[in-house]
Amino acid sequence: MAQVKVYGRRSVWGARRQEVSDAVHGALVAAWGLPDDKRFHRFLLLDDEDLVAPRGPAYLVVEVVCFTGRSPGAVRALIAAFFDDVAPALGLGADDLEVVVIESPPTHWGIRGVAGDELTLPYRVDV
């Protein structure tokens, strides 16, 4: 299970939501084996003056919120996929992309009427 929050400037990313979503999801599918049809993305696009950062106008922050259980190697593989695949696909340099993986126990999630640890998923979350 993974949910993605994307933060960036509306003036830069507003018209590119699908492109960003496709690139991000491709990394999650390749690195973690998420099913292609399990895409949960939220775009939190901000007015230019609401995103203060010492980076270029295309600066993008991606938070991946997921169940605990993935190995450090799996997390590193996802982060590498962002810099190796997502950044070039979006025309970003390494300085204009930040990725944060935030893990919480499945018991702390409520999905389809049950706690996450009671949920039966057709894919692994402990890669």
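Trainee: With which residue does E63 form a salt bridge?

Mentor: This is a predicted model, in which local features need pLDDT of at least 70 and side-chain atom pairs count only at pLDDT 80 or more, while totals for chains, interfaces and linings use all residues. Residues are numbered from 1 along each chain as its sequence is written, and side-chain values use heavy atoms, with hydrogens and water left out. A salt bridge is a side-chain nitrogen of Lys or Arg within 4 Å of a carboxyl oxygen of Asp or Glu. The closest N and O atoms lie 3.6 Å apart here, and the partner of E63 is K5.

Trainee: How many residues apart in sequence are the parts that E63 and K5 tie together?

Mentor: Helices (H or I, at least four residues) and strands (E, at least two) are DSSP runs, numbered from the N terminus. E63 belongs to strand 3 and K5 to strand 1, so the pair ties together parts whose separation in sequence is 58 residues.

Trainee: Is E63 buried or exposed?

Mentor: Buried means under 20% relative accessible area, exposed over 50%, and partly exposed in between (1.4 Å probe, protein chains only). K5, at 23%, counts as partly exposed. E63 has a relative accessibility of 16%, and therefore counts as buried.

Trainee: Which residue meets D22 in a salt bridge?

Mentor: D22 lies in helix 2, and its partner lies in the loop between helix 2 and strand 2, so the pair ties together parts 17 residues apart in sequence. The N to O distance is 2.7 Å, and the partner is R39.

Trainee: What is the strand order of the open sheet?

Mentor: Two strands pair if DSSP finds at least two bridges between them. Strand 2 (41-46) and strand 4 (97-104) each have a single partner strand, so they stand at the edges. The sheet has four strands with mixed pairing, in the order 2-1-3-4.

Trainee: Which residue of strand 2 is the bridge partner of V6?

Mentor: Strand 1 (residues 2-9) runs parallel to strand 2, and six bridges join them. In strand 2, the partner of V6 is F43.

Trainee: What angle does the direction of helix 2 make with that of strand 2?

Mentor: Axes are lines fitted to C-alpha atoms, for helices over the stretch in contact, and angles run from 0 to 180 degrees between N-to-C directions. Contact means heavy atoms within 4.5 Å. Helix 2 (residues 17-32) packs on the sheet and touches strand 1, strand 2, strand 3 (60-67) and strand 4; the angle with strand 2 is about 135 degrees.
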